Amino acid sequence: MTERNERRKKHFIAVLGTGGYTPCTYYLDKNTCDTKFVQEAVLKLACGELRSDDRITICLTEDARRQNWEDRAYNQREIERNSNLSQEIYQGLHAALEASLKHVAGIQIEEKDIATGKDSREIARMFSEIYDVIDEGEEIYFDITHGLRNIPMLVMAILEYAKVTKGILIGGIYYGAFEVGIFDPALNRKRVPIYDMTFYHTIMNWSNAANSFIQYGHADEISELVNERWQSIARTSSKSQNVKELSGNLNNVAKRLQEFTSGIETGRGNTEYKKSIQKCYDAYKSQQKFTSEYLVEEYYPFRELLDKIERKTEKYKNAKTNLEVGMATIDWCIENHMVQQGYTALDETVKTFLCEKIGVSQEEEFWREMIVKRICTSLYSVIEGTCEEMEYQFEEWQKFLRARGQCDADQMQKAFEKGRELYVMITGIEKHKKLIPLMNRIGTKRNDISHFGFTDHTAAPDSLKKELKSMADTFCEIQREWDIP
């Protein structure tokens with residue numbers, strides 16, 4: 001992969017049309033180029049300084065090659081339409097580019113034959129033909145002015161695909177708007193603007209970022225896009241200080257959103273942790289208050305996403321406790337196909353639930369693992385057995401805790417009391433017993449995923465997805481019934 005600060009190899013790609021090309025003055029910003037070929041104008045005005053290892057590719061149909069690429073004699077119709085022809089030979093784009101690039105020693109002008117795209121088979125062929133000329137890591141400049149009307153749509157798809165598969169950077173996408181050019185009497189020709197259409201590609205990026213968040217719960221792409229736009233605005237002297245400040249606020253919003261989704265991806269469920277899921281969500285909501293409705297031009301795609309984000313994160317709005325955050329995260333993981341994180345959240349949230357029921361610290365590993373988890377594990381094999389069998393397992397747990405010697409006498413006494421409270425709570429009420437086999441099933445599946453499938457109970461991927469939802473539903477049902485007399 002090309003390093004961010006290293007200059008990438010530039011690659012200018014254009015499609016040559018079959019119609020007549022009229023000499024005019026093309027302009028982009030304050031710079032102009034006199035030529036009949038918009039491809040030459042875009043190359044000069046948009047691509048910056050070129051080197052010998054940069055590339056130029058002109059895509060040609062058979063008719064375009066014959067009509068506008070190679071030098072040829074004027075046809076009768078052209079002679080009749082223009083009696084002031086200054087030369088007998090019509091100079092094609094190939095010769096025009098060679099003359100224009102003579103100062104760049106060694107640069108190659110490549111030709112690429114393409115189909116016309118008259119049906120789906122030819123469109124697929126054209127996709128492949130243009131995609132194949134793109135090399136890994138290039139900075140692509142594309143002129144979409146000419147060719148059939150399906151070319152711009154196809155080019156957008158090709159560039160978006162190559163950005164992912166070949167790591168390219170989009171230097172710019174341009175269109176010579178001949179139809180809106182204005183005749184300039186002083187020049188005796190049209191002045192024609194070249195439109196920078198790169199924002200269309202930016203919208204495609206936003207489309208991907210929105211899909212990544214809405215379908216899979218990832219905000220990294222949103223954050224990257226907002227940060228790129230913010231950096232661009234910060235460097236632009238023409239932008240007002242107010243716009244720059246508002247842009248910085250939106251960048252902070254996107255960063256906080258990305259930290260929130262990263263917290264879910266990495267399982268930061270403990271609300272006491274400084275970068276917990278809930279703290280990151282609260283930081284996002286707090287920062288979002290500074291967003292503005294007036295940055296439509298710069299951030300319209302992000303602004304439109306904010307409502308979707310609000311609805312998608314709604315379950316975290318009132319989640320304050322570890323249990324509430326855990327339940328919201330289980331739902332998030334199921335909705336966003338995050339199976340491993342889902343099992344982790346479910347397993348830990350069941351422990352949180354029981355810690356809450358017996359009133360012990362939900363954050364300390366001692367209470368979560370040595371008390372809650374260990375008692376429930378010891379009861380699994382005898383939960384449907386006799387009272388004596390269950391009591392025996394509880395006594396074995398007490399022996400285990402004494403042997404570990406992890407706490408002083410007072411904490412040991414409290415541990416025994418809370419352990420007894422949990423034991424009675426589970427074994428004394430029939431419907432509470434359902435939690436024990438559920439915890440075992442959750443733990444088995446979590447273990448299976450965490451150990452990369454190297455366990456004695458390896459499950460199929462589809463089964464793991466389905467069972468996560470089923471177990472989460474069962475846990476919700478147990479919670480609802482728990483305190484009902």
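**Close-up views of a predicted model**

View 1. With a relative accessibility of 0%, Cys-24 counts as buried. This is a predicted model, and the structure holds 0 disulfides. Cys-24 is therefore no exception: the nearest cysteine sulfur belongs to Cys-33 and sits 9.0 Å away, whereas a disulfide needs the two sulfur atoms within 2.5 Å.

**View 2. Cys-387, a cysteine on the exposed side of the scale.** Here the relative accessible area is 57%, so Cys-387 is exposed. Its closest cysteine sulfur is in Cys-376, and at 17 Å that is too far for a bond.

**View 3. Helices α13 and α14 crossing.** Take a look at how helix α13 (residues 339–358) packs with helix α14 (residues 365–379): the angle is about 95° and the axes are 10 Å apart. The two helices are therefore roughly perpendicular to each other, since angles of 65 to 115 degrees fall in that class. On the α13 side the contact includes Asp-347, Glu-348, Lys-351 and Leu-354, and on the α14 side it includes Trp-367, Arg-368, Val-372 and Cys-376. Sorted by class, the contact of α13 with α14 has 6 nonpolar, 1 polar and 6 charged residues.

**View 4. Leu-354 and the largest nonpolar core.** This core has 49 residues, and Leu-354, Ile-371, Leu-401 and Leu-435 are those with the most contacts inside it. At least two residues each come from α12 (322–335), α13, α14, α15 (387–404), α16 (409–427), α17 (435–450) and α18 (461–482). Helix α13 gives the most, with 9 residues. If you center on Leu-354 and set aside neighbours within four places in sequence, you will find Val-372, Cys-376, Leu-422, Leu-435, Met-439 and Trp-482 in contact with Leu-354. A second, separate core of 35 residues includes Tyr-26, Val-38, Tyr-90 and Leu-97.

**View 5. Thr-61 in a loop.** Thr-61 is placed in the loop between β4 (55–60) and α2 (62–69). With 15% relative accessibility, Thr-61 counts as buried, because the limit for that class is under 20%. Not counting residues up to four places away in sequence, Thr-61 touches Thr-18, Ile-114, Ala-115 and Thr-116.

**View 6. Ala-283 in helix α10.** Ala-283 is found in helix α10 (residues 277–288). Its relative accessibility of 29% makes Ala-283 partly exposed. For a sense of scale, Phe-452 is 169 residues from Ala-283 along the chain, and their C-alpha atoms are separated by 34 Å.

Methods
Residues are numbered from 1 along each chain as its sequence is written. This is a predicted model: local features need pLDDT of at least 70, side-chain atom pairs count only at pLDDT 80 or more; totals for chains, interfaces and linings use all residues. Side-chain values use heavy atoms; hydrogens and water are left out. Helices (H or I, at least four residues) and strands (E, at least two) are DSSP runs, numbered from the N terminus. Buried means under 20% relative accessible area, exposed over 50%, partly exposed in between (1.4 Å probe, protein chains only). Contact means heavy atoms within 4.5 Å. Axes are lines fitted to C-alpha atoms, for helices over the stretch in contact, and angles run from 0 to 180 degrees between N-to-C directions. Angles under 35 degrees count as roughly parallel, over 145 as roughly antiparallel, 65 to 115 as roughly perpendicular and the rest as oblique. Ala, Val, Leu, Ile, Met, Phe, Trp, Tyr, Cys and Pro count as nonpolar, Asp, Glu, Lys and Arg as charged, and the others, Gly among them, as polar. A nonpolar core is a set of buried Ala, Val, Leu, Ile, Met, Phe, Trp, Tyr and Cys residues joined through side-chain atoms within 4.5 Å.
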